[in-house]
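Here's a quick briefing for anyone meeting this structure for the first time. Have a look at the sequence and the model, then read on.

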Amino acid sequence: SLDIDGRILRVLNTHLEYGSRFERLEQAAEIAGAVTDGPAPVVLLGDLNAGPSSPEVARLSDVLSDAWDTAGVGSGFTFDAVSPHRRIDYVMVGNGVAVGSAHVLPTHASDHRPVVVDALLDDA
């Protein structure tokens with residue numbers, strides 16, 4: 001958790017299982033449960049190893065908003081860094097976090113390209 005001017009922001013990071021959709025679905029369900037466990041604003045960051053239309057992302061979208069869907073422009077492809085052709089890395093927000101912008105950085109510093117999001121806490 002982060003304290004931002006007296007307000008708590010929960011920041012979660014994950015890397016879902018690569019080889020098993022079943023395991024990813026279980027992991028997404030656990031994360032969704034953690035996200036709804038309290039009213040604090042929340043940001044989830046991570047490699048979900050699943051595309052935007054997958055059941056795993058749909059499960060998380062039940063409780064969070066995909067920052068790319070809200071404010072991203074273009075494909076949002078993050079993998080692989082050299083020749084991006086899939087969107088599997090996400091920033092998702094909920095419980096009073098608004099998204100101003102979202103973009104993918106063109107870098108080869110990793111095998112994935114990073115997603116950068118400008119997020120704002122709604123007024124209390």
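## Starting at a turn

D5 sits in the loop between β1 and β2; strands (E, at least two residues) and helices (H or I, at least four) are DSSP runs, numbered from the N terminus. This is a predicted model, where local features need pLDDT of at least 70 and side-chain atom pairs count only at pLDDT 80 or more, while totals for chains, interfaces and linings use all residues. Residues are numbered from 1 along each chain as its sequence is written, and side-chain values use heavy atoms, with hydrogens and water left out.

- D5 has a positive phi of about 50 degrees, although D5 is not a glycine.
- For background, most residues other than glycine have a negative phi, and most peptide bonds are trans.
- D5 belongs to the hairpin of β1 and β2, which has two residues between the strands.
- At 81% relative accessibility, D5 counts as exposed; the cut-offs are under 20% relative accessible area for buried, over 50% for exposed and partly exposed in between, with a 1.4 Å probe and protein chains only.
- Strands β1 and β2 (residues 7–15) run antiparallel and are joined by three bridges.
- Across that pairing, L2 stands opposite L9 in β2.

**The sheet**

- Five strands make an open sheet with mixed pairing, in the order β1-β2-β3-β5-β4; two strands pair if DSSP finds at least two bridges between them.
- β1 and β4 (65–66) stand at the edges with a single partner strand each, so one side of each has no neighbour in the sheet.
- β2 and β3 run parallel, with six bridges between them.
- β3 is mostly covered, as five of its six residues are buried.

- T14 is in strand β2, and its bridge partner in β3 is G46.
- Is T14 buried or exposed? With 16% relative accessibility, T14 counts as buried.
- Leaving out residues up to four places away in sequence, T14 touches I31, L44, L45, G46, D47 and L48; contact here means heavy atoms within 4.5 Å.

**The nonpolar cores**

- The largest nonpolar core has 14 residues, and I31, L44, L48, L60, L64 and M92 touch the most other members.
- α1 (21–35), β3 (42–47), α2 (55–61) and β5 (89–94) are the elements that give two or more residues to this core.
- α1 gives the most, with four residues.
- A second, separate core has twelve residues, including L9, A67, W68 and V91.
- A nonpolar core, by the way, is a set of buried Ala, Val, Leu, Ile, Met, Phe, Trp, Tyr and Cys residues joined through side-chain atoms within 4.5 Å.
- In soluble globular proteins, nonpolar side chains tend to be buried together.
- M92 touches V42, V43, L44, L48, V57, L60, S61, L64, S65, D66 and A67, again not counting residues up to four places away in sequence.

**A nonpolar patch outside**

- L2, I4, V11 and L45 form a nonpolar patch on the surface, with about 280 Å² of accessible area together.
- Such patches are made of residues with over 30% relative accessible area and no salt bridge; nonpolar side chains (Val, Leu, Ile, Met, Phe, Trp, Tyr) are joined within 5 Å, and like charges within 9 Å.
- A salt bridge is a side-chain nitrogen of Lys or Arg within 4 Å of a carboxyl oxygen of Asp or Glu.
- Accessible areas come from the Shrake-Rupley method with a 1.4 Å probe, and for residues only the protein chains shown count as cover.
- I4, one of the patch residues, lies in strand β1 (residues 2–4) and is partly exposed, with a relative accessible area of 34%.

- A cis peptide bond joins F79 and D80, with omega about -10 degrees.
- F79 is partly exposed, at 23% relative accessible area.
- Leaving aside neighbours within four places in sequence, F79 is in contact with P84, H85, R86, I88, D111 and H112.
- F79 and G94 are 15 residues apart in sequence and 25 Å apart in space, C-alpha to C-alpha.
- N95, in the loop between β5 and β6 (97–104), has a positive phi of about 55 degrees although N95 is not a glycine.
- At 35% relative accessibility, N95 counts as partly exposed.
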